[in-house]
Amino acid sequence: MTIVETPIKAVLGNRRSTAGVHLVARDYAKGTRLDPHMHREAQLVYAARGTMQVTTPKGRWLVPPDRAVWVPSRLEHAIDVLADIEMRTLYFDLPWLKREQRDEGLTKEFVVRVSPLLHQAILALFDSRNTPERTELLVRLVMLELHQAGDSATFVPLPREPRCRRAAMIVLDDPTAIHEIETLARAVGTSVRTLSRLFSAETQLTFKSWCQRARVAAAIERLSTDANVSVKQLAAQLGYASVPAFSAAFRQVTGRTPTEFARKV
């Protein structure tokens, strides 16, 4: 596994903002893949524009512009760029996190809901005119916002058990299809009862709920990358009987309707 040195060579900028914190700005085109790697530092990965997907051993995290991902030190992860992105990444040395007493609750990856305040604070950190005092205050503001911004709406947990993993990948390869658990069980060589039990144990979701989350993630990806798609078209493509049924499922996972979500993208 590659351990990427930080700071890394960046297109737009690469500098130390304050002792123990590094800032890297880089643009990536749609279709770019950053293969599995890890960093010695913890990092907050944010796309000020565009959409990406971050994959860890735990699952897939869809990251539209109103989300960011916290990636702990030495955690394997890959990034797929789904729409041209302006990536703004903050790297945190572990001694700095411990010294500042900011490491509590940051040992596992999670998606961050980016509030307008957090968005502006991250962008302001990359202002070359910053004084050390202003930069330090902005870093502290980011950390304060980070601790209250956890959000799992765009997360699709991935099972590790081989049969269950194969079944999950079949669904993710075509989330618009109707996947019956009986068919999947036969495809991966197990019983319906075993596969159902495995999904619950491995993902903390029932098979039906997991499939719904996978479909909603596919909807979020489409809304984030295609400005012309309508909610009606999306509902039909994802196999929902009606727009209200699709909106209800979307709201159950994300807390918002597809139309409300699209306005934020």
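**View 1. Antiparallel pairing of strands β4 and β9 in the predicted model.** In this predicted model, strand β4 (residues 33–39) pairs with β9 in the antiparallel sense over three bridges; two strands pair if DSSP finds at least two bridges between them. H37 stands opposite H77 of β9. Strands (E, at least two residues) and helices (H or I, at least four) are DSSP runs, numbered from the N terminus. Residues are numbered from 1 along each chain as its sequence is written.

**View 2. Strand β9 and its pairing with β6.** Strand β6 (residues 51–56) runs antiparallel to β9, and five bridges join them. The bridge partner of T51 is A83 in β9. Strand β9 spans residues 77–83, and seven of its seven residues are buried, where buried means under 20% relative accessible area (1.4 Å probe, protein chains only).

**View 3. Cysteines C164 and C211.** C164 is buried, with a relative accessible area of 0%. C211 also counts as buried, at 11% relative accessibility. The count of disulfides, defined as pairs of cysteine sulfur atoms within 2.5 Å, comes to zero.

**View 4. The protein chain as a whole.** The protein chain contains 10 helices and 12 strands. Of its 265 residues, 50% are buried. Among contacts (heavy atoms within 4.5 Å) with a separation of 6 or more, 72% are between residues 24 or more positions apart. The chain exposes about 12800 Å², of which carbon and sulfur atoms supply 51%; accessible areas come from the Shrake-Rupley method with a 1.4 Å probe. Local features need pLDDT of at least 70 and side-chain atom pairs count only at pLDDT 80 or more, while totals for chains, interfaces and linings use all residues, and side-chain values use heavy atoms, with hydrogens and water left out.
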